[in-house]
Amino acid sequence: MNDPDTSQTAIFTAYLRSLLGQRYANEIAELLDCESVIEEVSVDNPDMESRGKFRMGLRGAVVRAAIDGSGLKDIVELGAGFSSYGLSYTDDPSYQYLEIDRYSIIRQKIRIIKRLVGDRPNLILHADNVVDTTAIHDAVGLHLGRGKPVMVVAEGLWPYFNPATNLSDLVWTIVLLLISRPGSTAIITDILVGDEVKQLVANWPTASRVMKLVGLPLDQYALPDLTTAFDLFRDHGLTVEEADLTSHLSPEFRTDPKDEEKILATSRHIIVRSQS
Ligand SMILES: C[S@@+](CC[C@H](N)C(=O)[O-])C[C@H]1O[C@@H](n2cnc3c(N)ncnc32)[C@H](O)[C@@H]1O
């Protein structure tokens with residue numbers, strides 16, 4: 001499958017975010033038609049919400065910590081979907097936030113943002129293919145300025161790129177953004193690692209349903225190990241570290257310890273930095 005329907009998972013994650021009470025998340029979920037997606041994913045799975053909430057709560061905490069820790073206020077979110085970071089960060093006018101996704105998503109998101117806050121000049125929505133390196137570079141240069149350090153967010157995007165075909169294109173987009181802008185940082189969530197994917201699928205009916213929903217053979221999309229992902233960036237002189245998940249656990253989304261253990265073991269998020 002070359003072009004999975006990731007808009008379904010974008011809606012699903014928007015719904016999970018609303019359970020976490022993240023700023024603007026409720027309002028976004030209300031304006032999306034989440035019902036059919038939720039139904040399809042959560043049939044016969046009463047734990048879906050608590051597990052999904054934990055996974056998303058943790059992921060959100062890691063992304064926010066990476067953004068805040070970078071000190072950067074020019075942010076580009078690749079495959080932004082229906083996330084709420086853009087809206088919440090740009091409540092502060094000193095942030096400049098660029099969201100990039102496919103046209104069909106961007107069109108809906110523009111409508112949602114208009115409904116929620118009206119004009120928001122420091123939040124820019126741009127439709128493009130994230131693997132079109134030149135187009136993404138031009139868009140970032142145009143909207144966030146050239147050569148300035150940027151914070152790159154790629155949340156829940158990596159799993160949809162097949163290593164055999166276009167994962168290298170996505171990596172190249174991120175590498176070029178970073179190396180052309182010293183002092184930049186990227187947070188990339190949900191790196192798929194072979195054995196962990198098998199574990200994920202065996203343990204979580206939800207994972208299999210989401211995959212079916214988007215037509216995605218995750219096991220074929222996984223890398224053999226995390227080192228392989230690290231090397232993709234290190235080969236270009238970038239530094240890479242794995243985000244420490246345990247420091248971001250919060251009572252707001254904690255769940256059954258056994259579930260937490262499994263989720264922690266299959267959540268790999270990395271932070272990549274260019275030289276200052
Ligand atoms: C799983 S969703 C995650 C959305 C959001 N980042 C989140 O965490 O809620 C993946 C998003 O990536 C977008 N996407 C996938 N491939 C893309 C591409 N080649 N160019 C632009 N956007 C893409 C999809 O449209 C979708 O919104």
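Here are some questions and answers about how this predicted model is described.

Q: What makes the radius of gyration of the protein agree with a compact globule?
A: For 276 residues, a compact globule would come out near 19 Å, and the protein has 17 Å, so the two agree. Its C-alpha atoms fill a box of roughly 50 × 45 × 35 Å along the principal axes.

Q: What is the secondary structure made of, and how much of the protein is buried?
A: There are 13 helices and seven strands. Buried residues account for 42% of the 276 residues.

Q: Why is Ser84 called buried?
A: Being buried takes 20 or more other C-beta atoms within 10 Å. Ser84 has 23 such neighbours, so it counts as buried. Ser84 sits in the loop between strand 1 (74–78) and helix 5 (85–89).

Q: Which residues are in contact with Ser84, leaving aside neighbours within four places in sequence?
A: They are Arg17, Gln22, Arg23, Tyr24, Ala25 and Ile28. Take Arg17: 67 residues separate it from Ser84 in sequence, yet their C-alpha atoms are 8.3 Å apart in space.

Q: Why does Tyr24 count as buried?
A: The cut-off is 20 or more C-beta neighbours. Tyr24 has 20 inside 10 Å, so it counts as buried. You'll find Tyr24 in the loop between helix 1 and helix 2 (25–31).

Q: What stands out about the phi of Tyr24?
A: Tyr24 has a positive phi of about 70°, although it is not a glycine. Most residues other than glycine have a negative phi.

Q: Why is Asp190 called partly exposed?
A: Partly exposed means falling between the exposed limit of 12 or fewer and the buried limit of 20 or more. Asp190 has 18 other C-beta atoms within 10 Å, so it is partly exposed. Its place is the loop between strand 5 (185–188) and helix 9 (194–203). Asp190 also has a positive phi, near 60°, and is not a glycine.

Q: What makes strand 1 a partner of strand 2 and of strand 4?
A: Pairing takes at least two bridges. Strand 1 has five bridges to strand 2 (residues 96–101), running parallel. To strand 4 (residues 151–154) there are three bridges, again parallel. On the strand 2 side, Leu78 has Ile100 as its bridge partner; on the strand 4 side, Glu77 has Val153.

Q: Which residues have the most contacts inside the largest nonpolar core?
A: That core has 78 residues, and the ones with the most contacts inside it are Ile75, Val76, Val150, Val152, Val153, Ala154 and Ile174. In soluble globular proteins, nonpolar side chains tend to be buried together. Val153, leaving aside neighbours within four places in sequence, is in contact with Val63, Ile67, Ile75, Glu77, Leu78, Tyr85 and Ile187.

Q: Which residues are closest to the ligand, and what is the shell around it made of?
A: Of the 19 residues surrounding the ligand, the closest are Ala10, Thr13, Gly79, Gly81 and Gly156. The shell divides into seven nonpolar, nine polar and three charged residues. Helix 1 (residues 6–19) gives the most to it, with five residues.

Terms used:
Residues are numbered from 1 along each chain as its sequence is written. This is a predicted model: local features need pLDDT of at least 70, side-chain atom pairs count only at pLDDT 80 or more; totals for chains, interfaces and linings use all residues. A residue is near a molecule or strand if its C-beta atom, placed from the backbone, lies within 6 Å of it. Helices (H or I, at least four residues) and strands (E, at least two) are DSSP runs, numbered from the N terminus. Ala, Val, Leu, Ile, Met, Phe, Trp, Tyr, Cys and Pro count as nonpolar, Asp, Glu, Lys and Arg as charged, and the others, Gly among them, as polar. A nonpolar core is a set of buried Ala, Val, Leu, Ile, Met, Phe, Trp, Tyr and Cys residues joined through C-beta atoms within 7 Å. Two residues are in contact if their C-beta atoms, placed from the backbone, lie within 7 Å. The radius of gyration is taken over C-alpha atoms; the globule rule is 2.2 Å times the number of residues to the power 0.38.
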